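Please read it beside the model.

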Amino acid sequence: MIFYVFLDGVGIANYDPKTNPFSRFAKGFLAPVGGISKFDLDLPVNANHIHYLKTDAHMGVAGLPQSATGQTALWTGIPGPKVLGRHVSGFPTITLRKIIAKYSLIKVLNEKGILSDFLNCFSPPYLKHVEEKPKLVSASTLVQLASGRPLKNFEDLRSERGLYMDLTHEIMGTLGIDMLKEGDPLLEKRDPYLLGTKCFQQFSNYQLTLYEYFLTDKVGHAMDWEKAEKVISNLEAFFKGLLTNLNPNEDLLIVSSDHGNMEDLSQKNHTENPAATILYGKDADRFAENIHSLADIVPEIYKTFGLEEALFNTHTNEFLMETN
């Protein structure tokens, strides 16, 4: 199984506790993002077998990397900035939506009989928003919708068929959602470590799962050191749980980001730093050797499942010709 975790707005930068919260707070799995070379996972996992890659988020286009184009590359393998000739923030453009509709990773895998799914569970207000304003939704939402699989809801979350966007459910009580009353089990705080320990068994019917965590980007834009410490702590606990039950002979953990941001809290914008990609498990060495930009991750996933590389290359060239 491939467990693909997306962390929005996390670049790899030099060690600097004055500006980089990963330098100041990360103790384990995320320590190298903060330029820390010696760290203890407190697990029977050889840290030398974990790959930390500085990944090109520019893809040949000058300017600050942005979410819409970067995420399109991460989940389709099509270099969004190269197609458009610019970086695009926020919601995908018409052209990016066309790319995702045709080349969504989850869509392609499911069409090939490789069961894949997007694990994030959404509130009723967001699901209503998707129905009413489909052009104003995130790239990850479009990746799932392109596959024909439904977005997961709170009933999926209650049944442990997915995960919530902050892992711990702490944010849920601040959203003012009418259906959530005092005493609702969904409002109970979750332990991110325990969540991680269950994932490979809980979602074992899938061959690939995608989970999106975007609080990292929000923390970066807010320049919030207190929340940065909490986010890093929760994420490291979650990854520790994942590594506890990951079988490196059968499973692969991919952690990726679309651009830098949270690694520099001295300013509120995205950064020029390379995006973080972290790999551990089956085929990690091959992935690490071949991943240079955000657009390189999907082709390596296709190789893992025995899909013809030529199929992907043809799609890439075909789309570039169609849009230029």
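For residue classes, Ala, Val, Leu, Ile, Met, Phe, Trp, Tyr, Cys and Pro count as nonpolar, Asp, Glu, Lys and Arg as charged, and the others, Gly among them, as polar. The model is predicted: local features need pLDDT of at least 70, side-chain atom pairs count only at pLDDT 80 or more, and totals for chains, interfaces and linings use all residues. Numbering starts from 1 along each chain as its sequence is written, and side-chain values use heavy atoms, with hydrogens and water left out.

**Largest pocket**

- A pocket is an open set of points on a 1 Å grid over the protein atoms alone, where a 1.4 Å probe fits, with protein on both sides within 12 Å along at least five of seven lines; lining residues have an atom within 4 Å of a point.
- The largest pocket holds about 680 Å³ of space; a volume is the space filled by probe spheres set on the points, which are joined across faces, edges and corners.
- Its lining has 28 residues, and Tyr126, Ser138, Glu212, Phe214 and Lys218 are the closest to the centre.
- Two or more lining residues come from each of α2, α6 (124-132), α7 (139-146) and α10 (215-222).
- Helices here are DSSP runs of H or I with at least four residues, numbered from the N terminus.
- By class, the lining of the largest pocket has twelve nonpolar, twelve polar and four charged residues.

**Second largest pocket**

- This pocket holds about 360 Å³ of space.
- It is lined by 16 residues; nearest its centre lie Ile171, Leu215, Lys227, Lys230 and Val231.
- The elements giving two or more residues to this lining are α10 and α11 (225-245).
- Helix α11 gives the largest share, five residues.
- Six lining residues are nonpolar, three polar and seven charged.

**Ser67 in α2**

- Ser67 is found in helix α2 (residues 67-76).
- Ser67 is buried, at 10% relative accessible area; buried means under 20% (1.4 Å probe, protein chains only).
- The side chains of Ser67 and His259 are joined by a polar contact of 3.1 Å. Such a contact is a pair of N or O atoms within 3.5 Å; within protein, one must be able to donate a hydrogen and the other to accept it, and residues adjacent in sequence count only if both atoms are side-chain atoms.
- Contacts of Ser67 include Asp8, Val88, Asp258 and His270; contact means heavy atoms within 4.5 Å.

**Helix α13**

- Helix α13 (residues 297-304) has six of its eight residues buried.
- Those buried residues are Ile297, Val298, Pro299, Glu300, Ile301 and Tyr302.
- Gly306 follows α13 and has a positive phi, near 75 degrees.

Methods:
Buried means under 20% relative accessible area, exposed over 50%, partly exposed in between (1.4 Å probe, protein chains only). Lists of a residue's contacts leave out its neighbours within four places in sequence.
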